[in-house]
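Please keep the sequence and the model in view while working through the numbered points.

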Amino acid sequence: MGKGLAKGFGSTAVAFHRDGELALDASVVTIGAFDGVHRGHQELLRQTIAAAQRRGVPAVVYTFDPPPKVYFGQAEALISLDEKLERIATFAPDHVIVADFNQIYIRRTAADFLAELQLLHPREVIVGEDFRFGSCKGGTAQLLRRHFNTRILPPVRCGNGEIVSSSRIRSLRQSGLAAAASALENWRDIVTASPVNRSSLAQLEVINQ
């Protein structure tokens, strides 16, 4: 992975970047660990790409490797980085930024992160309500909203009211409920759909669960 590296997935080509490499005149950005790229993450991606298309600007996905919980030893990654990027790319964003989540990165303050985000000149930032950033998780979605036009999405829930999360998927796997975990990830239907139908399918599957 390097500056401006493009990789094709089906009929799409996505440019991958390390943190701090990309600068844009305008964009719509979503940010998160995206571990598993499950139904909740898929909704963030769908909303981001739809908003970017409405505004006529690039859609940017900003993620971390490894996911913060994995770095701090609180969990094991659900999927590899390569698989995560491939899953994100099925939704056809224009750019994916991967930040090396390491000893240097975790010392960055919330102000440092906001300054980097400013390089993308986001017209809109879309995150989940539990999003945190900066050292000691000092930055919140509400702080982000004070600096950028920010949309905070509520959690996606399955039919029984449980929040769809990477932690829940891990718990189901550990309990031997692989089929239930797979249903929350929702990848069998996504990967078999044509690229033009993937975003609408992700939304439909969330509603029907």
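1. Thr30 stands opposite Val61 in S4, and S3 is joined to S4 by 4 bridges, the two strands running parallel. Two strands are said to pair if DSSP finds at least two bridges between them. Helices (H or I, at least four residues) and strands (E, at least two) are DSSP runs, numbered from the N terminus. From S3 the chain passes through helix H1 (residues 39-55) to S4, and this β-α-β crossover is right-handed; that is, with the strands pointing away from the viewer, the path from the first strand over the helix to the second runs clockwise.

2. The model is predicted: local features need pLDDT of at least 70, side-chain atom pairs count only at pLDDT 80 or more, and totals for chains, interfaces and linings use all residues. Residues are numbered from 1 along each chain as its sequence is written, and side-chain values use heavy atoms, with hydrogens and water left out.

3. The pairing extends beyond S3 and S4. S3 also pairs with S6 in the parallel sense over 4 bridges. Val29 has Val125 as its bridge partner in S6 and Val60 as its bridge partner in S4. S4 in turn pairs with strand S5 (residues 95-100), again in the parallel sense, over 6 bridges; there, Val96 is the bridge partner of Val61.

4. Why is S3 largely enclosed by the rest of the structure? In strand S3 (residues 27-31), 5 of the 5 residues are buried, so the strand is largely enclosed. Buried means under 20% relative accessible area, exposed over 50%, and partly exposed in between (1.4 Å probe, protein chains only). In a regular strand the side chains alternate between the two faces of the sheet. Both faces of S3 are covered, with Ser27, Val29 and Ile31 buried on one side and Val28 and Thr30 buried on the other. S4 is likewise largely enclosed, because 6 of its 7 residues are buried.

5. Thr150 lies in strand S9 (residues 150-153) and is buried, with a relative accessible area of 7%. Leaving aside residues up to four places away in sequence, Thr150 touches Val125, Val127, Ala141, Leu144 and Arg145, where contact means heavy atoms within 4.5 Å.

6. Most residues other than glycine have a negative phi, and most peptide bonds are trans. The peptide bond from Asp65 to Pro66 is cis, with omega near -5 degrees; Pro66 is in the loop between strand S4 (59-65) and helix H2 (68-71). His121 has a positive phi, near 45 degrees, and lies in the loop between helix H4 (110-118) and strand S6 (122-128). Lys137 has a positive phi of about 55 degrees and lies in the loop between strand S7 (132-133) and strand S8 (139-140). His121 is partly exposed, at 39% relative accessible area, whereas Lys137 is exposed, at 59%.

7. Which residues lie nearest the centre of the largest pocket? They are Ala33, Lys69, Asp130, Phe131 and Arg132, among the 42 residues of its lining. The elements giving two or more residues to this lining are H1, H2, S7 and helix H6 (166-174), and the largest share, 4 residues, comes from H1.

Conventions: 1 Å grid on protein atoms, 1.4 Å probe; cavity = no way out; pocket = protein on both sides within 12 Å on 5 of 7 lines; lining within 4 Å.
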